[in-house]
Amino acid sequence: MPALQRSPHATADISNDLDGLEPRFVPPTEWDEIAIQFRDVLHEQTECFNALRWAPHQLDRVAFYKNGQLVSAAVILKMRFPVVGGGIAVVKWGPLWRRKGLPDDPKNLQQTIDALKQIYALDGGYFLSFFPRADPEISGFETQALEQCGFHLGEELASPDRYFVNMDLSLKDLRESLSQKWRYNLKKAEKNELSARFVEGEDGFKTFMQLYNAMMDRKAFHDTSAINTLQALMGAKEPALRPLILIVEQNGEPIAGGVVDASGERAVYLYGATNNKALPLKAGYVMHWEISKHLVAAPQVRWYDLGGADKDCHLHQFKRGFVGKRGQISVTPRYYHFGATLKARALGHALYFTRRKKGEFARILHDYRNRTKPAQVSSTSRQA
């Protein structure tokens, strides 16, 4: 593969090897074809998602090669500080470093982080941040590599616990893994004669959004999700990156729906929606079980990531019961930062402090405005 054109926004000369790695900036039209070659791909590291969220000049896409072989890749979000100069560069839930069909090599991970530090922090002057992913198996490798590369701990998520259901089981073993209460509720739900089906394309999107919008109107829920990207994602160029939509029905009427990203070995529960009939019928149990049946049969999927619980005890109980004996509750690592200069560090930390306080204020303001009508969140209606 010939070297690709250098990003006009980067200040580093990347023609030189960095620890034996050859970095190449990749055009947006070619990025997703690269991203799907990794087992750890998630939407936050794809073009079809990021192009809907950010301006073109804010995104870099860098693939790293060693001896001509692709070994890692990352999408970098850049934000410049007006007037004072400088800026921040963010790698969210990346880099991608676990190629399909190849054994994991943590050395590639560390070299990739070091190369990104060189390009963006040392040469580019950015305050470089990594948002490591929660993962039952590889979080430790990633945080260790960041620390060895000189990054320091930053902010912690308000609700860092993340719930993983083990999909590397037979359906029989998965059912036995469920908590006793979860199994009991699933049995009750299965007696309610509910049907479930995956719905593709525009039909799936419209059906789910009818449920979702009605739920948002019914509940005073502070929605900060990326739900506005869903329609475009359903038509992603790479079929593997198109979310799955499952709809649960009673007598032909949709009562619950779930959206799942199953592009990598970690399938992620993105969005859920229910109507008033779903809770007494325990439709959420049927929905997640039907999704699980599909994921167990998908050879690339090893974990079903249910997301967090945001300090909601009912949601925690639901997800913990579904995780059961064979799954895992993992803690999302804190952010990691590196600034090469005092100016970069001061501006970077100030931005993250302001961002955190702004989020806290938004939540307080929302709760105050809706204090007479508190938001109620069922176990199937929260964005993961």
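This report describes the fold, the nonpolar cores and a few selected residues of a predicted model.

## Basis and overall make-up

Residues are numbered from 1 along each chain as its sequence is written, and side-chain values use heavy atoms, without hydrogens or water. Because the model is predicted, local features need pLDDT of at least 70 and side-chain atom pairs count only at pLDDT 80 or more, while totals for chains, interfaces and linings use all residues.

The protein chain has 12 helices and 14 strands, taken as DSSP runs numbered from the N terminus (helices: H or I, at least four residues; strands: E, at least two). Of its 384 residues, 53% are buried; buried means under 20% relative accessible area, exposed over 50%, and partly exposed in between, with a 1.4 Å probe and protein chains only. Among contacts (heavy atoms within 4.5 Å) between residues at least 6 apart in sequence, 73% join residues at least 24 apart.

## Nonpolar cores

A nonpolar core is a set of buried Ala, Val, Leu, Ile, Met, Phe, Trp, Tyr and Cys residues joined through side-chain atoms within 4.5 Å. The largest has 48 residues, and those touching the most other members are Ile34, Ala63, Phe208, Tyr212 and Leu230. Helix α7 (residues 201-218) is the main contributor to this core, giving 7 residues. Another core, of 36 residues, lies apart from it and includes Met167, Leu186, Leu246 and Ala283.

Beyond its neighbours within four places in sequence, Phe208 has contacts that include Ile227, Leu230, Ile245, Ile247, Val259 and Tyr271. Gly257, Gly258, Gly272 and Ala273 are also among the contacts of Phe208.

## Asp32 and the cysteines

Asp32 lies in helix α1 (residues 28-35). Asp32 is buried but has no salt bridge, and the nearest side chain of opposite charge, Arg61, is 7.7 Å away. Here a salt bridge is a side-chain nitrogen of Lys or Arg within 4 Å of a carboxyl oxygen of Asp or Glu; Lys and Arg count as positive, Asp and Glu as negative, and His and the chain ends are not counted.

A polar atom of the Asp32 side chain lies 3.1 Å from the backbone nitrogen of Cys48. Leaving aside neighbours within four places in sequence, Asp32 is in contact with Thr46, Glu47, Cys48, Glu238 and Leu241. Cys48 counts as buried because its relative accessibility is 15%, and Cys149 is buried at 2%. The count of disulfides is 0, a disulfide being a pair of cysteine sulfur atoms within 2.5 Å.

## Lys206

Lys206 is placed in helix α7. With 47% relative accessibility, Lys206 counts as partly exposed. Lys206 and Gln231 are 25 residues apart in sequence, and their C-alpha atoms are 8.7 Å apart in space.

Conventions
Polar contact = N/O pair within 3.5 Å; in protein donor to acceptor, adjacent residues only side chain to side chain.
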